[in-house]
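Come along and check each entry against the picture.

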Amino acid sequence: MATNSEKFNFVIDNNNQTQVTHPGDSTITTYTSDKVKGDGYYGRSDGLHSVQYNLNGVIGKLSIQASLATTPLTDDWFTITTVTHDNSSGTTSNGLATGSFIHNFTGNYVWIRAIISDFTDGTINSILINH
């Protein structure tokens, strides 16, 4: 089986970025990545995807969304997983605010994207996907 490994790219202030740093002013920010091709795009049958978050002091939510549409519109996206990170105590029930975290999911999704929401502090060094 062929495998692909990609970093999610975010366009912030007209700049392409794979690392996202909050401005540090506690404003609540949301960023949506460009879409990347999932297993369904290539016609692969196993649908196994792994996402790795590399974080430093992040307070916010990281979501992975997918679409089955070949040309997705706004309403074609749905959330597969969301993880909340909270640096105030160092941990939450879903994970630490600093470190490297891996989430696996299965589905023959055509497109996949990452969303950072309720983002109030820290740096997302990268979000990678393998499939």
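Over which ring does the charged end of Arg-44 sit? I looked it up in this predicted model: the ring is that of Tyr-42, and the charged end of Arg-44 is 4.5 Å from its centre.

**Entry: charges and rings**
I found another charge of this kind at Lys-35, which lies over the face of Trp-111, 4.6 Å from the ring centre. I also noted that ring pairs join Tyr-41, Tyr-42 and Trp-111 into a cluster.

**Entry: aromatic pairs**
I counted 5 aromatic pairs. In one of them, Tyr-41 and Trp-111, the ring centres are 5.3 Å apart and the planes meet at 55°, so I wrote down "tilted". Tyr-41 lies in helix 1 and Trp-111 in strand 10, so this pair ties together parts 70 residues apart in sequence. Tyr-41 is partly exposed at 40% relative accessibility, while Trp-111 is buried at 10%.

Next I checked Phe-78 and Tyr-109: their centres are 5.7 Å apart and their planes are at 65°, so the pair is edge-to-face. Phe-78 belongs to strand 8, and Tyr-109 to the loop between strand 9 and strand 10.

**Entry: His-49**
I located His-49 in strand 7. Is His-49 buried or exposed? I noted it as buried, because its relative accessible area is 0%. Its side chain reaches the backbone nitrogen of Asp-39 at 3.1 Å and the backbone oxygen of Gly-47 at 2.8 Å. His-131 is 82 residues away from His-49 in sequence, yet their C-alpha atoms are 4.6 Å apart. Among the other contacts of His-49 I listed Tyr-109, Phe-105 and Ile-112.

Conventions
Residues are numbered from 1 along each chain as its sequence is written. This is a predicted model: local features need pLDDT of at least 70, side-chain atom pairs count only at pLDDT 80 or more; totals for chains, interfaces and linings use all residues. Side-chain values use heavy atoms; hydrogens and water are left out. Helices (H or I, at least four residues) and strands (E, at least two) are DSSP runs, numbered from the N terminus. Buried means under 20% relative accessible area, exposed over 50%, partly exposed in between (1.4 Å probe, protein chains only). Contact means heavy atoms within 4.5 Å. A polar contact is a pair of N or O atoms within 3.5 Å; within protein, one must be able to donate a hydrogen and the other to accept it, and residues adjacent in sequence count only if both atoms are side-chain atoms. Rings of Phe, Tyr and Trp (its six-membered ring) pair if their centres lie within 6.5 Å; planes under 30 degrees apart count as stacked, over 60 as edge-to-face and the rest as tilted. A charge sits over a ring if NZ of Lys or CZ of Arg is within 6 Å of the ring centre and within 35 degrees of the ring normal. Lists of a residue's contacts leave out its neighbours within four places in sequence.
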